Amino acid sequence: MIKVDATPFEFGFDPARTALVVIDMQRDFIEPGGFGETLGNDISHMQRAIAPVRDLLALFRQQGWLVIHTRENHAGDLSDCPPAKRDRGSPSLRIGDDGPMGRILIRGEPGAEIIPDCAPVNGEIVIDKPGKGAFYATGLGDLLADRGIRTLVFAGVTTEVCVQTSMREANDRGFECLLIEEATESYFPEFKAATLDMIRAQGGIVGWTASLAALKTALERQTRQPEVL
Ligand code: C5J
């Protein structure tokens, strides 16, 4: 069991039953001309999450632990996009419209790909999801059950939308969930802060949060432990 200094209290996990879930580190949310920007958001905030997500991925890869990526996207014919999602508000471009990185939020288009810094490597799992939550209309629940996974470490964007929704879905399904604080970002810094508070309030009502440094320290501590036979 690895024990991490976390909030609201220590978080313990068995790596064999744990997966990292990196939510939607896609060009459409992070780069100019994508879905995030068409909604009127300041995408510059997203830059802060890139290096920490990359470091977190490197950590899991070094240890050989399970890594899962998600992508929010839709079929080209929009059959999995509720009209309410496409038609709401007055974005400069809607889901499915042609933008500078191809059709906005459409599976297979350049904008819907994960940014190169955080791109999946061979053997990692990629889940395409039409909703904000990673469990809705995807095979994620079955995949985790098949592998005996009970603990999820979360990262990605955006904190209060797809990350929080996925973490709440996981919590309701009985998973123990840890969000890595620097490895998530919102277009609204105050929403990120509020989301971290909401997750860990009331004795960890949705789960835990911890810094990347705390996770690294926990791993170093574990490596230094003598092996008791
Ligand atoms: C949004 C997401 N914000 N990945 N998607 O629409 O958080």
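Predicted model: local features only at pLDDT ≥ 70, side-chain atom pairs only at ≥ 80, totals over all residues.
Residues are numbered from 1 along each chain as its sequence is written, and side-chain values use heavy atoms, with hydrogens and water left out.

**Ligand site**

- Around the ligand stand Asp24, Phe29, Phe35, Glu72, Lys132, Val157, Thr158, Val161 and Cys162; each has a heavy atom within 4 Å of the ligand.
- This shell holds five nonpolar, one polar and three charged residues. Ala, Val, Leu, Ile, Met, Phe, Trp, Tyr, Cys and Pro count as nonpolar, Asp, Glu, Lys and Arg as charged, and the others, Gly among them, as polar.
- The side chain of Glu72 places an N or O atom 2.9 Å from a nitrogen atom of the ligand. Such a polar contact is a pair of N or O atoms within 3.5 Å.
- A polar backbone atom of Val157 is 3.2 Å from a nitrogen atom of the ligand.
- An oxygen atom of the ligand lies 3.1 Å from a backbone N or O atom of Cys162.
- On its own the ligand has 230 Å² of accessible area, and the protein covers 93% of that. Areas come from the Shrake-Rupley method with a 1.4 Å probe.

**Salt bridges**

- Side chains of opposite charge can pair when their charged atoms come close.
- The count is 13 salt bridges, each a side-chain nitrogen of Lys or Arg within 4 Å of a carboxyl oxygen of Asp or Glu.
- Arg71 and Asp128 form one of them, with the closest N and O atoms 2.7 Å apart.
- Arg71 is in strand S4 (residues 66–72) and Asp128 in strand S7 (residues 125–129), so the pair ties together parts 57 residues apart in sequence. Strands (E, at least two residues) and helices (H or I, at least four) are DSSP runs, numbered from the N terminus.

**Backbone features**

- The Thr7 to Pro8 peptide bond is cis, with omega near 10 degrees. Pro8 is in the loop between strand S1 (2–4) and strand S2 (11–13).
- The Val157 to Thr158 peptide bond is also cis, with omega near -10 degrees. Thr158 is in the loop between strand S8 (151–157) and helix H6 (159–172).
- Ala137 is not a glycine, yet has a positive phi of about 60 degrees. Ala137 is in the loop between S7 and helix H5 (140–146).

Key:
Polar contact = N/O pair within 3.5 Å; in protein donor to acceptor, adjacent residues only side chain to side chain.
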